[in-house]
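Have a look at the model first, then work through each solution one step at a time.

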Amino acid sequence: MPIRRLSPETVNRIAAGEVVERPASAIKELVENALDAGSRNIEIQADGGGLSRILIADDGKGIPKDELPLAVERHATSKLEPDDAGDVDLLRIHTLGFRGEALPSIGSVARLSITTRARSDSGDATEAWVIQVEGGATRPLAPAPFPGPHGARVEVRDLFYATPARLKFMKSERAEAMAISEEIKRQAMAHEAVAFTLSLDGKVALRLPAEHPGDEGRLKRLSALLGRDFEANALLIDQERDGVRLSGYAGLPTYSRGNAAHQYLFVNGRPVKDRLLQGALRGAYADFLARDRHPAAALFLDIDPLYVDVNVHPAKAEVRFRDPALVRGLIVGALRHALHAAGHRASTTIAADALSSFQAGFQAHTGVSTGPAYSPSSPSAQGFSGWTGWSQPAAAAQVLPGLNERSARVEPNWDGPAWPQHPARDSNLATRHSPLDTPLDPLDYPLGAARGQLHANYIVAQTRDGLVIVDQHAAHERLVYERMKAQMAEGAVTRQALLTPEVVELDPAEAERVASRAEELAEMGLIVEAFGAGAVLVRETPALLGDTDVQGLIRDIADDLAEHGAALTLKERMAEVCGTMACHGSVRSGRILTAPEMNALLRQMEATPHSGQCNHGRPTYVELKLHDLEKLFGRR
């Protein structure tokens, strides 16, 4: 068959298949146009999942009358300016849109109407005009009413009516509406200073006022979109390296989710789905979460446009970094720094869930709801101070495996530790040994003083304003794991030589990727070298892994390098081995502990980072405040 030149209408419809995949894609493009126009208030309406009608109204600078016909022509844009030689720099993109494809693509498959009033330089109101495009056919300009002093109203009706086959690939109206809502949430997260209103089928689904730019305003916006639980359990991220800044918020490990749907990533204000960023986020939490748990996070990367390519895909949802190692290192380092600073803090939702369970259980067994009750006297701050239900006499104190000698050995007549500083003066409670003039009251420790043990597994401790319940096995497992990691960091990882070096056959590109990371892999105890065009030779493996499947390990590493640019599999396997060894080397459930042993465990938790969760992301303790207990028993 001869080569033919396609008609402009056909070209636009082909482009529409890339840019306008579904109604949410069309709304994304139109909202980004509104943001590029300097809008401070954006209203979105969608009917029938966006297939029947879409309306985007903004208060931006608008489009001048003489530029309206150009706006609906393919590859016509105001966001790229040629230099004196007529060349356009595609490496310095400062706007969200720049390809000039969205409006003509939408107009080629739907009934598009653009009503706009441009902002006047003198401040006087200019006349509003409308242009309409139906199935690629453009109608002449005409005057039109406009409610505001300037801005644009873009209406899309009967999306994909000109390409009926595309309609067969659409999901239900509810599913499309949910996709639209999710897209608006992402745009709203990235632009907290802009007010958004989303209406679905005539009902307001989302109304977000403009927030003050900065961390405080961003957290308010995230709280409105992700819930107050996220705000209460989010860690502030703000790090910069070599001109690249990472900011935003990441959830505590105990606030993890069952999938990655609560991970929001942005590059220069643009929502993206990038495997490098997702892999870095996964790697940062590798020590704290099981493989089937995912952190919640909203991270914003600000980088010089010269060092990131956004012109990778028509939808602009993918990016490429000039220095991916720098970006990955920044993300992993910033997140781990924040997690380390969080110390033994655990998710606030754990206590809320516990209280809900208590209340539900009480009502289920008694049929009575917890309400106001007669209170003869207010509860004492000492609470359980009179309880002496120790499982064993204090004189039987033994050294608890994994705890330091000083904290584990306590005299039988122990009446609170005498060596740590007061929390306000020194937070490293378990490592200070100089006595004070006034001994610290055990109740003033963050995790309080142990008062008893329940079911040979749970330590009950009293604090100044509440109580703490600790899972002794999970808590000690984290302590042992952190000690093992520290030992690995202090020296080279112990390696074991294979009796016969093993050759692993790979795709040539995979073999080259693995061989190029030989130095990095050697730091983790895996010695590999290139062995021909499509194979690598493995001489030594980490001793921690024992008798491991070398073939499977190398193939998994090759997959990780291809997908994430880092050998996560080896790190995770070693972390898994450390976790398994820590589990077997920690205090077992069912072991009866003495009072000194329980207090020693609490003090060690306070001095150990990340002790609020075990190696699988589960909480190690639950804290209940006194006012919560009073509410539970109807005292307030």
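Predicted model: local features only at pLDDT ≥ 70, side-chain atom pairs only at ≥ 80, totals over all residues.

**Exercise 1.** Find how many aromatic pairs the whole structure holds, then classify the one formed by Phe230 and Tyr255.

*Solution.* Step one: a search of the whole structure gives two aromatic pairs. Step two: in the pair of Phe230 and Tyr255, the centres are 6.4 Å apart and the planes make an angle of 55°. Step three: planes under 30 degrees apart count as stacked and those over 60 as edge-to-face, so this pair is tilted.

**Exercise 2.** Work out which parts of the chain the pair of Phe230 and Tyr255 ties together.

*Solution.* Phe230 belongs to helix H8 (residues 228-232), while Tyr255 sits in the loop between strand E11 (244-251) and strand E12 (263-267), so the contact joins parts 25 residues apart in sequence. Tyr255 is buried too, at a relative accessible area of 9%.

**Exercise 3.** Describe the pair formed by Phe266 and Phe300, and say whether each ring is buried or exposed.

*Solution.* Start with the geometry: Phe266 and Phe300 are stacked, at 4.6 Å centre to centre with 5° between the planes. Finally, check accessibility: Phe266 is buried at 1%, and Phe300 is buried at 4%.

**Exercise 4.** Which residue lies over the face of Phe300, and which over that of Tyr445?

*Solution.* Over Phe300 lies Arg218, 3.8 Å from the ring centre. Over Tyr445 lies Arg603, at 3.7 Å from the ring centre.

How values were computed: Residues numbered from 1 in each chain as written. Heavy atoms only, no water. Phe/Tyr/Trp six-rings, centres within 6.5 Å; stacked < 30°, edge-to-face > 60°. Helix = DSSP H or I, 4+ residues; strand = E, 2+ residues; numbered from the N terminus. Buried < 20%, exposed > 50% of the residue type's maximum accessible area, 1.4 Å probe, protein only. Lys NZ or Arg CZ within 6 Å of the ring centre and 35° of its normal.
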